[in-house]
Amino acid sequence: MKEEILRHLCKSLGKDAAHSSVHDWRVALSLALRDRMVDHWFRSTRETYETRAKRVYYLSMEFLIGRLVEDMAANLGLVEEARAALTELGQDYDAVVLNEPDAALGNGGLGRLAACFMDLLASLGIPAYGYGIRYEHGLFKQDFVDGRQVETAETWLTQRNPWEFERPEVQFRIGFGGHVDHHDGKAYWHPWETVLATAYDTPVVGWQGKWGNTLRLWSARPASKFDLESFNRGDYLAAGRSEALARTISRVLYPDDTTEAGKELRLKQEYFFTAASIMDLLRRFLSDHDDIRELPQYVAIQLNDTHPAIAGPELVRLMSDEHNLPMDEAIELARRCLGYTNHTLLPEALERWHVGLLGRVLPRHLEIIRAIDEDQQARHPGSPRILEHDHVHMGELAFIMAHKVNGVSALHTELVKSTVFSDLHRIHPTRIVNQTNGITPRRWLHTCNAPLSNLITREIGDGWVADLEKLKALNQRTGDREFLDAFSAAKRQNKTELADWIAQTCGIAVDPDAMFDVQIKRIHEYKRQLMNILETVALWNEMRDAPDAEWTPRVKIFGGKAAPGYHVAKQIIHLINDVARVINNDPVTGDLLKVVFPANYNVTMAERLIPAADLSEQISTAGKEASGTGNMKFALNGALTIGTLDGANVEIREHVGSENFFLFGLTAREVVERRHVHGYARAAIEASPRLSRVLGQIADGQFSPEDSSRYHGLVGGLYDHDYFLVTCDFDSYFDTQRRADQVYRNGSNWAAMALRNTASMGWFSSDRTIRGYARDIWQVDAVDRAGLEMTA
Ligand code: OX2
């Protein structure tokens with residue numbers, strides 16, 4: 001390893017060890033690790049070709065990968081070797097690992113799920129490609145200026161990305177606009193604008209390095225040659241115009257995960273990567289098969305939400321316009337290949353394109369969408385339409401073009417059936433299936449939490465890393481004093497490290513013995529960070545009223561970004577920072593209560609915070625969080641959840657036992673009913689002196705003395721249209737927090753409950769999830785290539 005690192009430093013980077021920076025060492029180490037992956041990768045590809053195995057194609061606008069060095073080293077079993085090599089070379093391994101920028105090609109849960117799935121597809125030996133966009137700028141960087149969120153461009157690609165292989169030879173022409181000619185019963189699309197999609201491949205090797213898949217990300221390039229004539233005339237702008245236009249397409253990730261955004265450019269991005277992926281997979285299929293009718297036997301395409309839903313019409317276009325299949329046959333064949341995962345019920349996140357826009361950008365696809373709509377009507381008269389009120393409904397399109405549609409938790413799946421797709425569900429009663437999300441235990445316990453991971457391995461061996469259900473054995477230790485102490489000590493160590501980091505990055509001293517209460521996720525009204533900060537103020541009030549009472553010291557930790565155009569979410573961020581400033585400087589409460597909000601939450605920060613959390617905040621309005629995956633990561637790392645009956649919380653509670661979960665709040669059904677009660681929010685506020693007091697303080701400017709009216713709108717909004725029922729759940733949330741305080745004060749009981757959480761999380765491994773997709777949707781075999789035991 002040492003020699004390989006030195007060789008890369010010298011031969012690949014052209015650097016002399018004596019004059020190399022930590023960046024150079026990191027790139028050299030990454031290249032050395034990548035070398036070790038390549039053999040597995042080639043072998044896997046060869047085997048897939050030889051056995052003509054069915055391949056899975058996972059199409060996603062987002063892959064929230066984070067850092068890769070540790071992940072790759074861990075999967076290859078090379079962490080110790082890499083550490084030793086760098087140490088011998090006089091380098092600090094941890095600093096080298098920390099030098100890597102996060103690949104933030106995603107907004108949140110949806111993108112991180114895609115990244116966890118890539119790990120599992122490789123670990124289970126399922127031949128698969130992840131397809132997405134190689135954004136030049138991933139999710140924006142967040143700073144706080146006077147408590148306000150300020151966004152700047154993220155620049156992960158200004159440094160060399162050592163993991164990828166550029167494939168300039170893999171290129172597809174992607175058209176936009178123009179017109180369609182019809183003659184002799186055939187359609188000919190003449191696009192007005194064309195860009196090239198070029199591939200960049202990152203090998204993804206699974207646990208123990210036995211199988212390798214590919215993450216293929218597309219970058220846009222100009223299709224026309226550089227305009228030398230303009231350049232020679234001195235018109236440099238004109239010379240570079242087509243290049244600039246093309247590049248825009250893969251330049252930025254939309255910083256928006258739940259609202260419709262970006263219109264034309266976003267539609268072009270979606271078509272760009274989807275079309276390139278479909279063309280690529282068809283080319284691969286046809287290199288080995290003659291009859292396109294066999295496609296569904298060899299190809300499963302999963303649509304990660306509706307963003308790639310244009311895959312249906314694109315497949316139909318290629319099969320009918322270029323391979324001369326009749327349209328109805330093409331539709332049926334495409335359907336047998338496609339699966340669609342729905343990740344949200346929020347109406348603003350269900351994509352709809354105006355027919356004017358879609359017809360302008362993709363004229364042939366609009367015709368095909370009409371044909372699909374008619375085909376559906378002919379087969380199922382009265383079916384919901386794809387085209388309605390001058391809009392193309394991408395959810396309906398994805399549903400109709402998929403042979404299976406899945407929700408991401410049991411509750412969410414039932415709501416998909418009974419709300420957004422109720423009519424389609426009646427027509428296609430077997431199409432909707434549930435696949436509750438999962439997380440990769442490699443990254444989210446084994447790699448990110450060494451103290452706990454080592455303790456578990458000492459106790460039950462290391463089989464749990466490949467088969468998380470083995471953690472069940474820990475249930476026998478919940479009465480074992482010595483083991484519980486060791487379990488608590490591991491948590492304490494993580495908390496101490498986090499406290500040091502908080503002191504360094506935020507300048508706030510926190511006590512590792514206080515309860516670390518963490519809410520990290522995108523800032524959104526439905527996720528109710530607002531309720532959390534209101535509860536913080538209420539607690540602060542009561543501590544100040546009786547500072548000598550028996551309190552459980554708390555550190556409230558927040559992390560998350562707001563979409564730049566989402567005004568209310570940005571106000572919530574501002575409020576949290578304003579409240580933090582006041583509380584953190586209050587000598588009366590001192591160490592009893594601190595509020596910490598480190599800027600620029602990302603995967604790396606999650607890996608730091610989750611192992612150190614005591615309490616996991618999963619407090620969304622019931623019925624709104626499709627699943628959540630952070631909730632699983634916390635419980636696996638021995639945090640107790642305070643949460644509503646929403647998304648996967650429901651299943652987590654079933655697995656860990658209701659006595660080991662702090663439940664509060666209205667159910668999804670009660671939420672819907674409550675909204676029908678006239679003036680429900682005002683009534684709830686008036687019935688709660690505690691909440692009224694807090695809202696009064698915020699509205700009066702107690703936390704924003706420099707601008708006392710800053711939160712009038714936010715507070716007024718709660719009185720008038722508290723759609724997410726912060727006011728209605730507030731008291732029950734507050735009381736449940738106090739129950740958590742009490743249990744925490746009795747440390748041993750808390751530790752036993754936390755251990756039950758860790759021990760019961762096996763089911764939430766994405767092993768189980770991917771096996772479910774493989775069996776119920778893709779019809780592919782999960783081969784036990786990585787030595788994993790079959791659990792499904
Ligand atoms: C998220 C959902 O909000 C979250 O509940 C879920 O766990 C995650 O997807 C993975 O399934 N954008 N992000 C999501 O949905 C959309 C749309």
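## Domain organisation

In this predicted model, the protein chain is divided into three parts: domain 1 (1-51 + 69-101), domain 2 (52-67 + 102-437 + 774-778) and domain 3 (441-670 + 746-764). The centres of domain 1 and domain 2, taken over C-alpha atoms, are separated by 32 Å.

## Where domain 1 touches domain 2

Contact between these two domains involves 21 residues of domain 1 and 22 residues of domain 2. On the side of domain 1 that touches domain 2, helices α2 (22-51) and α3 (69-75) each supply at least two residues. The largest share of that side, 13 residues, comes from α2. Sorted by class, the side of domain 1 that touches domain 2 holds ten nonpolar, eight polar and three charged residues.

## The surroundings of the ligand

The ligand has 18 residues around it, and Gly109, Leu110, His343, Ala626 and Ser627 come nearest. This shell draws at least three residues from each of domain 2 and domain 3. By class, its residues divide into five nonpolar, ten polar and three charged.

## The packing of α6 and α33

Helix α6 (residues 109-123) packs with helix α33 (residues 766-778) at an angle of about 75°, and their axes lie 9 Å apart. Because of this angle, α6 is roughly perpendicular to α33.

In this contact, α6 contributes Cys116, Phe117, Leu120 and Leu121, which meet Ser766, Asp767 and Ile770 in α33. The residues of the contact comprise five nonpolar, one polar and one charged.

Key. Residues are numbered from 1 along each chain as its sequence is written. This is a predicted model: local features need pLDDT of at least 70, side-chain atom pairs count only at pLDDT 80 or more; totals for chains, interfaces and linings use all residues. Domain bounds come from an automatic or database domain assignment. Two residues are in contact if their C-beta atoms, placed from the backbone, lie within 7 Å. Helices (H or I, at least four residues) and strands (E, at least two) are DSSP runs, numbered from the N terminus. Ala, Val, Leu, Ile, Met, Phe, Trp, Tyr, Cys and Pro count as nonpolar, Asp, Glu, Lys and Arg as charged, and the others, Gly among them, as polar. A residue is near a molecule or strand if its C-beta atom, placed from the backbone, lies within 6 Å of it. Axes are lines fitted to C-alpha atoms, for helices over the stretch in contact, and angles run from 0 to 180 degrees between N-to-C directions. Angles under 35 degrees count as roughly parallel, over 145 as roughly antiparallel, 65 to 115 as roughly perpendicular and the rest as oblique.
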